[in-house]
Amino acid sequence: MEPTISRSIDVPAAPGTVWSWVTDLPRMGELSPENVGGRWLDGAGPALGARFRGRNRNGELRWWTRVRVVAFEPERRFAFDVRTPFGSRVSRWEYVLTPGDGGCRVTENWYRIGSWVVRKFMGPRVTGRADRPGYNVESIEHTLAALKARAERAAAA
């Protein structure tokens, strides 16, 4: 399956460090312009099959999602599927880390999955975003820039 959107950035930090940031979903709100965090369910942390309840916001709009980790390859690949509170699958998010000189390349992929009804009606009403792919281009670029900035601050400290 090819991603709907894919963006990459070189981050001046070791893959293990970046891995710890992208798999820390409760703190993803520090990087993302829409996600505000959430919590792991069943006492689990990031692991294959782990479940997470994500919280998001757009201005005054607030909503939550069901998340399940579907790929967990330490320091290499982390992916999770997102579903509505009613169980409808809406997307997959994926982070791929590739070691490089002085750090790693981080690729963030978004896969648009789900029913036409959710995309056309439910999603825009709940999230306030009529153009989800257009917004997610900006969101991914924001998140990747925040990862790079975090690494640069850590290197300067």
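Which residues does T23 touch, not counting residues up to four places away in sequence?

Modeller: The model is a predicted one, and the following description should be read with that in mind. Not counting residues up to four places away in sequence, T23 touches W40, P46 and F78. T23 itself lies in the loop that joins helix 1 to strand 2. Its relative accessible area is 5%. Since buried means under 20% relative accessible area, T23 counts as buried.

Helix 1 comprises residues 15-22. This helix lies across strand 1, strand 4, strand 5, strand 6 and strand 7, and it runs at about 165° to strand 6.

The strands belong to an open sheet of 7 strands, with the order 1-7-6-5-4-3-2 and antiparallel pairing.

Strand 5, residues 77-83, and strand 6, residues 89-100, pair in the antiparallel sense over 7 bridges. In this pair, F80 has W93 in strand 6 as its bridge partner.

Another helix also lies across the strands. Helix 3, residues 132-156, lies across strand 1, strand 4, strand 6 and strand 7, and runs at about 10° to strand 1.

Finally, the whole chain may be described. The protein chain has 3 helices and 7 strands, and from the N terminus on its elements run β-α-β-β-β-β-β-β-α-α. A compact globule of 157 residues would have a radius of gyration near 15 Å, and the protein chain agrees with this, because its own value is 15 Å. Along the principal axes, its C-alpha trace spans about 45 × 35 × 30 Å. Of the 157 residues, 41% count as buried, and T23 is a buried residue too. Among contacts in the chain with a separation of 6 or more, 48% are between residues 24 or more positions apart. The accessible surface comes to about 8200 Å², and 51% of this belongs to carbon and sulfur atoms.

Definitions and conventions
Residues are numbered from 1 along each chain as its sequence is written. This is a predicted model: local features need pLDDT of at least 70, side-chain atom pairs count only at pLDDT 80 or more; totals for chains, interfaces and linings use all residues. Side-chain values use heavy atoms; hydrogens and water are left out. Two strands pair if DSSP finds at least two bridges between them. Helices (H or I, at least four residues) and strands (E, at least two) are DSSP runs, numbered from the N terminus. Contact means heavy atoms within 4.5 Å. Axes are lines fitted to C-alpha atoms, for helices over the stretch in contact, and angles run from 0 to 180 degrees between N-to-C directions. The radius of gyration is taken over C-alpha atoms; the globule rule is 2.2 Å times the number of residues to the power 0.38. Buried means under 20% relative accessible area, exposed over 50%, partly exposed in between (1.4 Å probe, protein chains only). Accessible areas come from the Shrake-Rupley method with a 1.4 Å probe; for residues, only the protein chains shown count as cover.
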